[in-house]
Amino acid sequence: MRTIGNEYTRVAVFDDVTGLEDCRGLLGEMDRALHDQGAVLLRGLPADLTLFDEITRLVGGSPLQYTERSTPRSEVQGAIYTSTEYPADQSIPMHNETSYSENWPRLLFFLCAVPAETGGATPVADSREVYRLLPAEVRERFAEGVVYVRSFREGLGLSWQEAFQTEDRAAVEQYCTEHGQLFEWTDEGLRTSHRRPAWQVEPRTGETVWFNQAHLFHATSLEPDVLEALLSLYTEEDLPRHAYYGDGSGIDKADLDVIRKVYEQVTFDFPWQTGDVMVINNMLTAHGRQPFTGSRRTLVSMTD
Ligand SMILES: O=C(O)CCC(=O)C(=O)O
């Protein structure tokens, strides 16, 4: 095993891994690396969906469905999905998968089925370092957590049917009630809001991690001209996603700038090769996506 990375974020790389049996032999080392470095790269494998599924099950157990969705992904086979389908010229900000929800996956598996022509890395950032590097006064303002507000309407962002994977309003209401989310049916669709902690303690290492999507849900994550156009039509709380401090007050833009800067400082990226599988401890490691050209295809599966 070798490690790559920067001063803050490390990835454990296992080279010349040729199949499932090699992965089986590496289970102990991988498990340690997923708690030390927080991310593992398996290199040398063919880009094969059945093998990817077998590796997912071997390392993480039964794969999870993508529930309480916040981004568009398509099912490819079983519980293997495309990674978030955002336009190629946009980057996806660093985030811990589904950290806005009570149910987040413990492990993420990414498969590079087709690498990009240019760009298209899946950068990673150590969430322990993000927490550590954030100024105490910024963390303090998030002491009560983050309030996530989502507005679902036809033709703007995900529909409530896609987010909750049902056509049944009663099932959405039950989900929200069971998960401590306020909901309101509106003329256009649905609005939900719920509060979640801004940080968590990773159970095995006992380390505190910055674990929320305030900077991603906040309206300022949109391109300024897109935000301006949307705000000429809608109020902030009618945007598909928005975030507030845990007490419900507006987040200071300066705090979001600091958070984004810290992510930038901690983030490490490397170019994908066909067949690469990256396994991420989702609590210890945030991920994102760089803009790209070409017909990049990255697949994802998740386990508990
Ligand atoms: O395509 C990728 O590399 C990752 C996209 C992403 O951030 C996601 O699917 O959560």
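1. Two residues are in contact if their C-beta atoms, placed from the backbone, lie within 7 Å. Axes are lines fitted to C-alpha atoms, for helices over the stretch in contact, and angles run from 0 to 180 degrees between N-to-C directions. Helices (H or I, at least four residues) and strands (E, at least two) are DSSP runs, numbered from the N terminus. With these terms, helix 2 (residues 27-36) lies across strand 2, strand 3 and strand 16 (277-281), and runs at about 55° to strand 16.

2. On the source: this is a predicted model, in which local features need pLDDT of at least 70 and side-chain atom pairs count only at pLDDT 80 or more, while totals for chains, interfaces and linings use all residues. Residues are numbered from 1 along each chain as its sequence is written.

3. The protein chain has ten helices and 19 strands. Its radius of gyration (taken over C-alpha atoms) is 19 Å, close to the 19 Å that the globule rule (2.2 Å times the number of residues to the power 0.38) gives for 304 residues, so the chain is as compact as a globular protein of that length. Along the principal axes, the C-alpha atoms of the protein chain fill a box of roughly 55 × 45 × 40 Å.

4. Of the 304 residues in the protein chain, 39% are buried. A residue is buried if 20 or more other C-beta atoms lie within 10 Å of its own, exposed if 12 or fewer, and partly exposed in between, with C-beta atoms placed from the backbone. Among contacts with a separation of 6 or more in the protein chain, 79% are between residues 24 or more positions apart.

5. An open sheet of eight strands has mixed pairing and the order 1-2-3-16-7-19-5-4; two strands pair if DSSP finds at least two bridges between them. Strand 1 (2-5) and strand 4 (75-77) are the edge strands, each pairing on one side only. On average, neighbouring strands of this sheet are turned by 30° against each other, direction ignored.

6. Strand 2 and strand 3 (residues 39-42) run parallel and are joined by three bridges; Ala12 stands opposite Val40 in strand 3. Strand 19 pairs in the antiparallel sense with strand 7 over seven bridges, and Val114 stands opposite Arg297 in strand 19. Strand 5 and strand 19 are also antiparallel, with two bridges, and here Tyr81 stands opposite Val300.

7. Why is strand 19 largely enclosed by the rest of the structure? Five of its seven residues are buried, so the rest of the structure largely encloses strand 19. Helix 3 (residues 49-60) lies across strand 4, strand 5 (80-82), strand 7 (107-114), strand 16 and strand 19. Helix 3 runs at about 165° to strand 7.

8. A three-strand open sheet has the order 6-17-9, with antiparallel pairing. Its edge strands, each pairing on one side only, are strand 6 (92-95) and strand 9 (124-126). Neighbouring strands of this sheet are turned by 15° against each other on average, direction ignored. Three bridges link strand 9 and strand 17 in the antiparallel sense, and Asp126 has Thr285 in strand 17 as its bridge partner.

9. Which residues surround the ligand? The shell is made of Ser83, Thr84, Ile92, Glu97, Thr122, His287, Gly288, Arg289, Thr298 and Val300; a residue is near a molecule or strand if its C-beta atom, placed from the backbone, lies within 6 Å of it. Strand 17 (285-289) and strand 19 (297-303) each supply at least two residues of this shell, and strand 17 gives the most, with three. The shell divides into two nonpolar, six polar and two charged residues. In this count, Ala, Val, Leu, Ile, Met, Phe, Trp, Tyr, Cys and Pro are nonpolar, Asp, Glu, Lys and Arg are charged, and the others, Gly among them, are polar.

10. Two loop residues deserve a look at the backbone. Asp16, in the loop between strand 2 (10-14) and helix 1 (20-25), has phi near 55°, a positive value in a residue other than glycine. Asp16 is exposed, with 9 other C-beta atoms within 10 Å. Gln165 has a positive phi of about 55° although it is not a glycine; this residue is in the loop between helix 6 (160-164) and helix 7 (169-178). Gln165 is partly exposed, with 15 other C-beta atoms within 10 Å.
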